[in-house]
Amino acid sequence: MSSEPTDHKPKRGQPCPCGSGQLFEACCEPLLAGKKPAATAEQLMRARFTAHVAHDFKFVHDTHRPTAGKPYVAEEGEPAMTWTKLEVHAHELTDNPDKAYVDFSAYGTESGGQEKVLQEKAEFLRINGVWLYNREFRLGPAPFQSAAPKTGRDGGSAASDLA
């Protein structure tokens, strides 16, 4: 087993780790390098995932509303999770143009080899024109909602109870 440090940085010419289908240099690299801001909450979510893959925790710190603008202090040691795949299920805009939600699943492997998935609906805010991750809005999968109409006690539709 090698004691050489592992290079986690995504490579130019390869697909971006965020799963967008674009090459790294055309997708998350300009955001991670500070060359351009995220245009949408989803784009920031994808860049934050890629930052976790690349161990660019300063980017994660700088794009988290509670810590943005505060000095970054690196923590010692390797993270317990190696992130492997991101699936964005929904990017929801709201009536407020400076607030959006991203529903996603992030897959990874813990140091012991156990696979994990983080399912979250995250809230993002645009402050002074810059998108920031604000908070976890919901942890876990979306609640199941039946598409079937609700029925009344007699087995008919609820609307027929009003007739």
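Which residues are buried in H2? Select helix H2, residues 41–54, in this predicted model, where local features need pLDDT of at least 70, side-chain atom pairs count only at pLDDT 80 or more, and totals for chains, interfaces and linings use all residues. Residues are numbered from 1 along each chain as its sequence is written, and side-chain values use heavy atoms, with hydrogens and water left out.

Helices (H or I, at least four residues) and strands (E, at least two) are DSSP runs, numbered from the N terminus. The buried residues of H2 are Ala41, Leu44, Met45, Arg46, Ala47, Arg48, Phe49, Thr50, Ala51, Val53 and Ala54. Buried means under 20% relative accessible area, exposed over 50%, and partly exposed in between (1.4 Å probe, protein chains only). Because 11 of its 14 residues are buried, H2 is largely enclosed by the rest of the structure. Just after H2, select histidine 55, which takes a positive phi of about 60°.

Next, display the aromatic rings. Rings of Phe, Tyr and Trp (its six-membered ring) pair if their centres lie within 6.5 Å; planes under 30 degrees apart count as stacked, over 60 as edge-to-face and the rest as tilted. The structure holds 3 aromatic pairs. One of them joins phenylalanine 49 and tryptophan 83 edge-to-face, at 6.5 Å centre to centre and 65° between the planes. Phenylalanine 49 belongs to helix H2 and tryptophan 83 to strand E1, 34 residues apart. Phenylalanine 49 counts as buried, at 3% relative accessibility.

Then select tyrosine 101 and phenylalanine 137: their ring centres are 4.7 Å apart and their planes at 55°, so the pair is tilted. Tyrosine 101 lies in strand E2 and phenylalanine 137 in strand E4.

Terms used. The expected span of a helix is 1.5 Å times one less than its number of residues.
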